[in-house]
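Here are a few exercises to work through with the model open beside you. Try each task before reading its solution.

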Amino acid sequence: CAASRQATCGAGCIPIPWLCDGEQQCPDGTDEQCGCECCSVPSVCGAKKVQCPGTHHCIPHWELCDRHQDCEDGWDEEGCPQQPCLPGQWQCRNRVCIMAEWKCNGIDDCGDSSDEDVCAPCPPGMVRCDEGKCILESLMCNDEDDCLDGTDEPSTCGELCVAAGHCPCGWGRGEPQSCPASFCSAHVDIRSGDLYWLAFPHLSCPRTHVPCRDGTECVAQEYMCDGEKDCADGSDEDGCAQLCDTPGQPAPCQSHEYPCGPGACLNASLVCDGRQDCADGLDEGGNCSVPCQRSCAHLCYPSPQGPPLSPQRCWCDPGYRLAEDGLSCMDIDECTEWGEEACSQTCLNAPGSYSCGCLPGYLLEPDGRVCKLGGPEPMLLVAVQSELLSCGLRSGHEEVLLPTDKDRVVFSLDYDLVERKIFWMDLATESIRWQDFDLGKKGTLVKGVRSDCIAVDWLGRNLYWTDGAAGQVLATRLGAAWRGIPEYTVVMDGDLDRPHSLVLQPLAGLLYWSEVGSHPRLMEATMDGSRRHVLLAQGLGWPTALALDLPTWRIFWLDEKLGSVGSARLDGTGVKVLQLGWVQSPFAAAVCEGELYWSERKAWSVQRVDKASGKNRTVLLKRHGEPHGLQVPTWGSSEPCRTSFALSTNGCAKSNGGCAQLCLPNP
């Protein structure tokens with residue numbers, strides 16, 4: 001290993017900044033042991049800077065390998081890759097190669113912002129860091145280095161609101177206790193150095209989030225009272241046990257249970273049984289001796305309460321709730337009221353109960369609620385530079401399917417469920433290629449194309465791709481072979497505003513895509529390009545990664561500009577957005593069972609979170625290079641394929657729809 005830039009990690013090497021970063025990369029965990037060199041040497045640098053060895057000089061990460069010696073001994077330029085970029089590519093300051101047309105597209109494709117640092121002014125509401133990155137104005141002077149070079153946190157931030165003289169509540173004028181610092185937000189014009197201030201009556205949170213008590217951050221509404229402290233001050237979990245005593249709040253106990261103190265419930269059959277079960281004894285005494293005389297539909301138990309409450313109360317069996325008349329019981333439709341909390345896939349309501357089911361190819365877990373894929377272990381396919389890797393989602397076992405090749409750049413990828421082939425966009429040769437890993441065969445589908453995303457219609461036997469620069473969606477036959485003449489068709493053209501990510505629903509003959517132009521939106525159309533309509537056009541920044549979750553009939557997206565994960569039903573309703581700090585530069589996404597996976601280019605990793613809550617984040621894969629395309633093939637049972645052909649409305653699924661060449665479904 002290069003001693004000044006790399007550390008030994010088993011049989012390989014890892015970059016020194018990966019040591020003691022809180023994520024284990026070495027199989028034996030030596031990179032995270034407290035005795036490692038990086039932990040024993042105190043750093044004088046912030047979290048986003050690196051220290052030149054043997055000095056107290058700090059440089060931002062983006063100055064590593066920028067062809068300029070910033071450390072006195074040249075440490076920041078040692079061991080840097082020397083491979084030049086291919087024709088049609090542009091080399092970033094950190095020597096990463098990107099497509100030339102990505103320069104100045106408003107997205108940090110390099111990871112160090114060098115492709116955006118000499119471009120047009122930032123969009124409204126954003127400012128440019130000295131190193132070129134655009135950040136939201138609200139991130140200025142928030143005590144965190146959002147610019148890699150720290151220019152969003154200049155020394156003038158310390159002047160606070162006193163200089164402006166117009167903060168609310170007299171804050172900064174001898175009454176610091178009357179108003180928290182979050183009421184004022186500092187804004188600095190980075191280029192001129194001028195300081196100005198905006199006063200806010202409260203922290204502005206999205207409608208799906210609520211502010212923490214200290215006013216410094218927002219958390220999703222779903223995180224309130226979920227048993228985990230998501231606010232730094234823990235205010236999202238304060239007072240949760242007293243919710244049942246709050247006027248207007250529904251009691252947490254079910255119809256067959258008796259409230260037994262804050263947050264506790266007791267089965268109604270244990271009330272007035274002569275034994276004290278509640279800690280405060282409220283389940284006994286009082287009017288317990290009065291016999292039950294009410295005409296209840298289900299159960300009647302005596303109650304300790306006296307006037308004005310009735311000495312008796314009607315109770316309902318589990319799965320029912322008491323009606324307004326206080327006598328009859330109504331069935332609870334758990335499938336409708338609980339949603340995915342009831343069943344992970346299909347839900348069937350029954351009187352007083354419900355049952356969960358699974359789609360073909362899935363098995364119901366012993367808990368009777370969660371469905372898991374049957375057959376072999378589900379595998380994640382991911383492209384990292386020129387490599388194609390697979391990773392077991394349960395075992396974590398990694399395998400290199402395509403080794404490193406300097407003449408190949410694997411970008412977007414997808415798989416053919418029927419013939420078990422993997423297709424990928426090769427930026428180096430500007431072609432879409434494929435390989436059959438069962439038979440060892442490989443080939444080229446089409447040449448002379450550039451695409452941000454490809455998608456396989458394994459049922460209709462076509463492959464689609466987006467061309468963001470041309471504003472098109474195109475398609476060709478999966479069985480096509482390159483003969484020197486392009487054999488593809490333009491499916492959609494004209495009014496597409498930089499189409500980016502693309503996903504297909506072959507069973508229904510539908511396609512979904514994101515647009516990241518001046519008016520970002522999510523779109524739906526039939527696979528022949530007709531019947532287009534807007535699925536979602538609000539609350540989006542740069543939706544760069546899409547994924548379908550057909551078992552729950554939802555579409556997921558990751559937004560690079562807003563740093564969020566969103567989802568909605570396939571009819572555009574039921575929108576849910578979670579702002580997650582680790583969503584920085586997502587490229588591709590996939591959903592499998594209860595998890596959302598995505599490739600994070602800036603962190604050189606593949607990560608996953610719980611698809612419903614956004615919690616339980618895990619770094620699944622980390623490599624020395626940017627990950628791009630990502631998919632989770634369901635390689636298991638062939639039963640889903642047989643069922644799909646029987647249920648499909650894809651008109652091209654049988655005999656190519658009667659077409660001699662290309663068949664595009666129009667269900």
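Helices and strands here are DSSP runs, helices of at least four residues and strands of at least two, numbered from the N terminus. The model is a predicted one.

**Exercise 1. Describe the chain over residues 356-371.**

Step 1: Start with the record. An unreviewed UniProt entry lists residues 356-371 as "domain: EGF-like".

Step 2: Turn to the secondary structure. The chain over residues 356-371 is 38% strand and 0% helix.

Step 3: Look at the ends. The end C-alpha atoms of residues 356-371 are 9 Å apart.

**Exercise 2. Find the strands that E31 is joined to, and say how they run.**

Step 1: Strand E30 (residues 453-457) and E31 run antiparallel and are joined by five bridges. Val-456 is opposite Leu-463 of E31.

Step 2: Strand E32 (residues 472-477) also runs antiparallel to E31, with six bridges between them. Here Asp-467 has Gln-472 as its bridge partner.

Step 3: Now check the turns. Four residues separate E30 from E31 in their hairpin, where Arg-461 takes a positive phi near 65°. The hairpin of E31 and E32 has four residues between the strands as well, and Gly-471 in that turn has a positive phi of about 70°.

**Exercise 3. Work out whether the two sides of E31 are buried or exposed.**

Step 1: Sort the side chains by direction. Asn-462, Tyr-464 and Thr-466 point one way, while Leu-463, Trp-465 and Asp-467 point the other way.

Step 2: Compare with the accessibility. Residues on both sides are buried, and for the strand (residues 462-467) that makes six of six.

**Exercise 4. Describe the aromatic pairs that hold Trp-338 and Trp-465.**

Step 1: The structure has three aromatic pairs. One of them is Trp-338 with Tyr-354, edge-to-face at 5.7 Å centre to centre and 80° between the planes. This pair links helix H2 (residues 334-338) to strand E20 (residues 353-357), with its members 16 residues apart.

Step 2: Trp-338 counts as partly exposed because its relative accessibility is 39%. Tyr-354, at 27%, is partly exposed too.

Step 3: Trp-465 and Tyr-488 form another edge-to-face pair, 5.3 Å centre to centre with 70° between the planes. Trp-465 lies in strand E31 and Tyr-488 in the loop between E32 and strand E33, 23 residues apart.

Step 4: With a relative accessible area of 1%, Trp-465 is buried, whereas Tyr-488 is partly exposed at 33%.

**Exercise 5. Which side chain makes a polar contact with that of Asp-549?**

Step 1: Asp-549 lies in strand E38 (residues 543-549). Asp-549 is buried because its 4% relative accessibility falls under the 20% cut-off.

Step 2: The partner is Lys-611, whose side chain makes the polar contact at 2.6 Å.

Technical notes: Residues numbered from 1 in each chain as written. Heavy atoms only, no water. Buried < 20%, exposed > 50% of the residue type's maximum accessible area, 1.4 Å probe, protein only. Polar contact = N/O pair within 3.5 Å; in protein donor to acceptor, adjacent residues only side chain to side chain. Pairing = 2+ DSSP bridges. UniProt positions renumbered as here; feature names shortened; annotations may be inferred. Phe/Tyr/Trp six-rings, centres within 6.5 Å; stacked < 30°, edge-to-face > 60°.
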